[in-house]
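Dear colleague,

I am passing on the structure below, together with some notes on what came out of going through it. Please read them alongside the coordinates.

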Amino acid sequence: MALAASNLAQETAALLQALGVPRERTTGGSLAVHTPITGEVIAQVHGTSAAEADAKIGQAQDAFIAWRHVPPPRRGELVRLIGEELRAAKGDLGRLVSLETGKILSEGRGEVQEMIDICDFAVGQSRQLYGLAIATERRDHRMMETWHPLGVCGVISAFNFPVAVWSWNAALALVCGDPVVWKPSEKTPLTALATLAIVGRALARFGDDAPAGLCAALIGGPALGEALVDDDRVKVVSATGSTRMGRAVGPRLAKRFARAILELGGNNAAIVTRSADQDLALRAIAFAAIGTAGQRCTTLRRVFLHDSIYAPFLERLKRVYRTIAIGDPLAAGTLLGPLIDARAYETMQRALQAAREAGGTVHGGERWDGLGLPQAYYVRPALVEMPAQTGPMLQETFAPILYVTRYSDLPEAIGLQNAVGAGLSSSIFTLDLREAELFLSAAGSDCGIANVNIGPSGAEIGGAFGGEKETGGGREAGSDAWKAYMRRATNTVNYGTALPLAQGVEFTV
Ligand code: NAD
């Protein structure tokens with residue numbers, strides 16, 4: 001397949017039309033959208049002004065007043081329809097995700113499947129917004145908790161999962177009774193506009209009890225994210241992105257006592273023990289470290305190999321790194337597509353230079369020009385032998401770099417794994433029950449996600465997704481994550497004639 005920018009621009013226009021995005025939204029605007037596949041401009045999107053953002057937040061607040069009265073299973077029906085529309089649009093939206101982010105086609109489609117999965121999950125959840133009945137010490141009293149809609153939910157999302165992150169939040173927020181105002185990454189506005197067009201079709205089928213302004217998007221840069229963060233009408237903000245962004249957003253939300261769901265950077269590790277199934281570990285590590293061009297928050301960035309397997313396992317890893325299929329992410333067979341942009345490439349090169357200065361031996365990592373596209377940034381994945389855990393290994397670099405070191409005893413390896421700022425995802429490869437259980441125990445991995453014989457990347461809907469420490473502490477997309485989008489009221493009802501006070505306090509007037 002010939003990769004010409006003009007072809008991709010045409011294909012993008014056709015996909016947007018098929019998905020229902022009005023042409024005037026994506027032509028003639030001031031926000032240029034580049035495809036990382038060729039590096040060239042594929043659309044010119046119109047951004048949202050500050051005044052428009054203010055109006056959309058106001059509309060969402062009005063929508064809240066109506067939507068909170070719609071019974072939750074009926075709200076679930078809207079999310080069911082969104083899931084149906086996503087099923088119908090999966091091929092087109094998945095391809096648009098690949099065009100806009102550069103991820104390989106099966107991952108683009110997989111991202112849409114994840115949206116469908118969370119819709120299914122949220123529909124079930126809409127009938128399970130349970131409170132507790134609580135034992136009370138007072139006679140003829142009943143104590144319980146009730147969950148109510150919280151208010152407008154702001155979603156700020158990153159470029160690497162341009163639409164799935166919105167859906168993790170929106171599907172649950174909508175069944176919980178919260179309108180959603182979304183600030184997608186300025187690098188990926190097209191998939192956001194397409195998603196809103198899909199939601200528009202579901203709303204049209206849903207009927208009159210969906211108020212206007214229930215789902216909106218603010219198209220543009222960080223200033224629009226800040227508008228959400230600082231607006232008192234927005235009661236919860238789910239912010240996904242770098243830890244640097246979280247450091248800016250977290251305190252501002254805290255200042256006005258708004259609720260924050262922070263999903264920030266990761267520096268994920270795997271430990272490969274003496275007893276590991278090495279074939280399985282190799283495959284898992286290849287996907288987790290190289291997949292999505294190292295641009296997942298859960299990408300594997302550090303691996304600790306037991307002394308006894310270090311040399312032979314490293315040899316096998318090097319072979320995988322040398323032979324991985326790099327190229328056009330839209331072509332069958334490609335496993336490694338481009339980085340998002342020039343800045344990502346430069347950041348990667350700086351990290352590799354720092355690794356060399358820290359005594360590391362770098363294999364790969366150089367620019368790959370097999371397609372002859374000077375404005376696109378394809379790289380060979382980098383495998384870096386480190387003498388110790390030091391230098392750039394302690395930070396997330398959003399690129400396919402895997403640092404390798406050796407260890408001799410498991411508690412030491414777990415200590416190294418935990419000795420970084422981020423706390424998102426982690427894995428151990430072992431067939432030894434004691435090692436696996438230690439890793440999962442209170443003295444084991446300190447991450448929000450800890451896996452055995454699976455890489456750290458590739459979470460599924462149903463489990464709570466998120467991490468500790470500098471990853472921000474937020475949880476989404478499963479378990480009891482729905483509670484973050486609701487407010488809890490504790491209710492005590494006295495159905496007797498006396499007025500006993502708690503703790504036996506006497507107060508007779
Ligand atoms: P980024 O931090 O540059 O941007 C993320 C979003 O935040 C964008 O929409 C951006 O416009 C907005 N933003 C930036 N500064 C802001 C501010 N001061 N106020 C309000 N909004 C602001 O991140 P990116 O480069 O798009 O994505 C990569 C990063 O995201 C990586 O660190 C990755 O680990 C992280 N990430 C985390 C998760 C997770 O669930 N933990 C998922 C995906 C990506």
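Seven strands make up an open sheet of mixed pairing, ordered S12-S15-S16-S11-S10-S18-S19, where strands are DSSP runs (E, at least two residues; helices are H or I, at least four) numbered from the N terminus, and two strands pair if DSSP finds at least two bridges between them. Strand S12 (361-364) and strand S19 (449-452) are at the edges with a single partner strand each, so one side of each has no neighbour in the sheet. On average, and ignoring direction, neighbouring strands of this sheet are turned by 20 degrees against each other, with axes fitted as lines to C-alpha atoms, for helices over the stretch in contact, and angles running from 0 to 180 degrees between N-to-C directions.

This is a predicted model, in which local features need pLDDT of at least 70 and side-chain atom pairs count only at pLDDT 80 or more, while totals for chains, interfaces and linings use all residues. Residues are numbered from 1 along each chain as its sequence is written.

Strand S18 (residues 425-429) runs parallel to S19 and is joined to it by four bridges, and Ser426 stands opposite Ala450 in S19.

The protein chain is divided into domain 1 (13-264 + 472-489) and domain 2 (268-460), with bounds that come from an automatic or database domain assignment. Their C-alpha centres lie 30 Å apart. The contact (C-beta atoms, placed from the backbone, within 7 Å) takes 16 residues from domain 1 and 18 residues from domain 2.

Best regards

Terms used. Contact = placed C-beta atoms within 7 Å.
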